[in-house]
Amino acid sequence: MTTVLTLLETALELGLVSALTVLALFLSYSMLNVCDLSTDGCFTLGATVGAAVAIAGHPYLSIAAAMLAGIASGFVTAFLQTKMGINSLLAGIIVNTGLYSVNIAVMGGSSILNMNKVDTVFSKVRELTQETPLKGHYKLIIALSAVIIVAILLGFFLKTRVGLAIRATGNNPDMVRSSSINPVITTIIGLCIANSFTALSGCLLAQMQKSVNIDTGTGMVTVALASLLIGNVFLGKKKMPLRIVGMVFGAFVFRLVYTIALRFDMPAFMLKLVSSLVVIAAISIPYLKEQMPLFKRRFIHSRKGDERDA
């Protein structure tokens, strides 16, 4: 029983941290209708900037620094799309490629930063909860607090005039232009906010694991997309607050699958295949559900044809 609870807690911790990236993709992809492929690089940027500032002796400031770095990354991506006439997919790839060099520079030319003897947000909260019933759950406390704050702020933001303009830009940019709303501004704001969430996610993961390497963010866009699609399967057609909860739930489910796979000694190199299969399942299951009545009718029709021939 203890092993199962530990397994669930580990999946919940990692799921909550990655849920911040899922919420970022929810804003950029689902709301703004922009496929931002700079996610991997931005995630690593948040991790490296957060680690560098924490190593300099400012664990709390590292969170703000990481989010500011994410905003800068989102601004560059949006600027390439809106002002330089570059396709959104290509703009994301360009920024992601450039961020590799930026991340190496932030880490001082190294590909790894170690924070074993560095004060982090997690070590600070661990000290605060040392003599309380929450002792040992400090990782869960921080991850859950971050997700709750971001989810609430995102929910309120999407109900503001700017938030509604971002949603309208994703649905019908031509209508937005005719309404005297500048889609360039809404795209820039949306991507800046989304990338700040992604960078925050990277920062928290780096401090949770007490290390960061240049490949920390590799595959995060796949993980986030899979989690987003899983969330859409469960709560994708509900009202906005439930849709946001669905994104968090999707991140937990995906991480639970990952954790179970590792628990059964699956080789680490197979996890990318697991991610691909989860994405395929999340995309195809809703489609197959819609097609099921057609399949049934075809099956019944073919059986009736066979009976007549007999």
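1. M175 sits in helix α8, which spans residues 173–178. Helices here are DSSP runs of H or I with at least four residues, and strands are E runs of at least two, numbered from the N terminus. M175 is partly exposed, at 43% relative accessible area. The cut-offs are under 20% for buried and over 50% for exposed, with partly exposed in between (1.4 Å probe, protein chains only). Between the C-alpha atoms of M175 and G250 there are 32 Å, and along the chain 75 residues.

2. A word on the basis. This is a predicted model, in which local features need pLDDT of at least 70 and side-chain atom pairs count only at pLDDT 80 or more, while totals for chains, interfaces and linings use all residues. Residues are numbered from 1 along each chain as its sequence is written, and side-chain values use heavy atoms, leaving out hydrogens and water.

3. Overall fold. The chain has 12 helices and two strands. Their order along the sequence is α-α-α-α-β-α-α-α-α-α-β-α-α-α. The radius of gyration is 22 Å, close to the 19 Å from the globule rule for 310 residues, so the chain is as compact as a globular protein of that length. That radius is taken over C-alpha atoms, and the rule is 2.2 Å times the residue number to the power 0.38.

4. Extent and burial. Along the principal axes, the C-alpha atoms fill a box of roughly 80 × 60 × 35 Å. Of the 310 residues, 46% count as buried. Take the contacts between residues at least 6 apart in sequence: 77% of them join residues at least 24 apart. Contact means heavy atoms within 4.5 Å.

5. Helix α2 against α9. Helix α2 covers residues 39–55 and helix α9 residues 183–209; they pack at about 55 degrees, with axes 7 Å apart. That angle makes α2 oblique to α9. Oblique is what remains after under 35 degrees (roughly parallel), over 145 (roughly antiparallel) and 65 to 115 (roughly perpendicular). Axes are lines fitted to C-alpha atoms, for helices over the stretch in contact, with angles from 0 to 180 degrees between N-to-C directions. The crossing of α2 and α9 is right-handed; that is, the near helix is turned clockwise from the far one by less than a right angle.

6. Who meets whom there. From α2 come T39, C42, F43, G46, A47, G50 and A54; from α9 come N195, T198, A199, S201, G202, C203, L205, A206 and Q207. The α2–α9 contact counts eight nonpolar, eight polar and no charged residues. Nonpolar covers Ala, Val, Leu, Ile, Met, Phe, Trp, Tyr, Cys and Pro; charged covers Asp, Glu, Lys and Arg; the others, Gly among them, are polar.

7. S201 in α9. Helix α9 holds S201. S201 is buried, with a relative accessible area of 0%. Leaving aside residues up to four places away in sequence, S201 touches V17, S18, L20, T21 and F43.

8. Helix α2 against α3. Helix α3 runs over residues 61–82; its axis comes within 8 Å of that of α2, and the two cross at roughly 145 degrees. This crossing is right-handed too. C42, L45, G46, V49, G50, V53 and A54 of α2 meet L61, S62, A65, A66, A69, G70 and S73 of α3. The α2–α3 contact has nine nonpolar, five polar and no charged residues.

9. L37 lies in the loop between α1 (2–31) and α2. Its relative accessible area is 27%, so L37 is partly exposed. Beyond four places in sequence, L37 touches L89, G92, I93, N96 and V221. The C-alpha atoms of L37 and R298 are 40 Å apart.
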